[in-house]
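Subject: A structure for you to explore

Hi,

Here is the structure I promised to pass on. Have a look around first, then read my notes below.

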Amino acid sequence: MKTLEELRKLREKAKEDMKMRSSNYKIKIVVGMGTSGIAMGAREVMKTILEEISKRNLTDVLVTQTGEKGLASLEPVVDVIIGEKEKFTYGNITPDKVKRIIEEHIIKGKPVEEYIITANE
Amino acid sequence: MQDISLHILDLIENSCQAESDLIKIEIIMDKNEDKLIIKIADNGIGMDQETLENSQNPFFTTKKSRKKKVGLGIPLFKQNAEHCNGKFIIKSKKNKGTTVIAEFQLSHIDRMPLGNLADTFINSIIAHPNIDFEIHLRYKSKETTEFYLSTKEIKEALGDDIPITHPLVYEYLKENFEEGIKKTYMEEL
């Protein structure tokens, strides 16, 4: 069984990590997790985002959820918010598309135009 | 919804939006009584009697800002449970919280699979770091096993400097839930 002791060790490791970089969140990823989003596969999308972030140890990315936004036919919907102003909304997202968005947009800073529904820059 | 874990996720989202700070989830697989019971209890804003009755009606939603005036989450889950020789109970008190209990006949041929519970729980925990979750899985047969996880304990062990959303915590949660799900035989049905 995983113990809380392991978490305390993990905490030390994370603290070491944090010393090396400033860990304020720079990027926010928001997944639409309303009933229609869930029915269309938003949980798998969320899982892939979390796995990619964990794998790459991206401590400056915050992942969160929101409810229905009235974009039911475009679900699953994912917002990528960079800093205070830039907001990109991606639609009809799948786990494979997530991998591309993480690689190209989150890591390299280049939005994946073909999946974007709206962008406010 | 293809499975029960997705319905659970949908209900947890309702609880989160009701301004809860503690959500208790209990899943009981009772082979002796041939029942599968799912309980989700929150301490959020709750509903008055009228909203409570309406919540089971698909053409009702409290979400004023959207065009689509339907709310299918609760009615679908209710229908699924009742169709499987089970029942669906929703209790709520204004400013106290809401509890949903869905009961299925475990062996019913139309019962949906449980689905991936680990994904549902991890999703909710990481997306709502300010809400505490108490998750209890129980298996009852000739032998009885159980699994319990409290995010409050995890947050205490992590201390103030590491948030539960930290990427390193994800693997810990995943392994923890996978072990618990295996121990309570909830992975394959």
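**Where the chains meet**

Chain B and chain A bury about 3500 Å² between them, 62% of it on carbon and sulfur atoms; buried area is the accessible area (1.4 Å probe) that two parts lose on being put together, summed over both. Pro167(B), Leu168(B) and Tyr172(B) supply 18% of the area that chain B buries against chain A, more than any other three residues. In terms of contact (heavy atoms within 4.5 Å), 42 residues of chain B meet 37 residues of chain A.

**How to read the numbers**

This is a predicted model, in which local features need pLDDT of at least 70 and side-chain atom pairs count only at pLDDT 80 or more, while totals for chains, interfaces and linings use all residues. Residues are numbered from 1 along each chain as its sequence is written, chains are lettered from A and ligands numbered from 1 in the order in which they are written, and side-chain values use heavy atoms, with hydrogens and water left out.

**The sheet in chain B**

Helices (H or I, at least four residues) and strands (E, at least two) are DSSP runs, numbered from the N terminus. Two strands pair if DSSP finds at least two bridges between them. In chain B, six strands form an open sheet with mixed pairing, in the order E3-E4-E2-E1-E5-E6. Strand E3 (87–93) and strand E6 (144–150) of chain B are the edge strands, each pairing on one side only. Strands E2 (residues 35–42) and E4 (residues 97–105) of chain B run antiparallel and are joined by seven bridges. Within E4(B), Ile101(B) is the bridge partner of Lys39(B).

**The core and a loop**

A nonpolar core is a set of buried Ala, Val, Leu, Ile, Met, Phe, Trp, Tyr and Cys residues joined through side-chain atoms within 4.5 Å. Buried means under 20% relative accessible area, exposed over 50%, partly exposed in between (1.4 Å probe, protein chains only). The largest nonpolar core has 83 residues, and those with the most contacts inside it are Ile49(A), Ile27(B) and Phe177(B). Leaving aside residues up to four places away in sequence, Phe177(B) touches several residues, including Phe121(B), Ile135(B) and Phe147(B).

Where does Met47(B) lie? Met47(B) is in the loop between E2 and helix H2 (49–54) of chain B, and Met47(B) is buried, with a relative accessible area of 17%.

Enjoy exploring!
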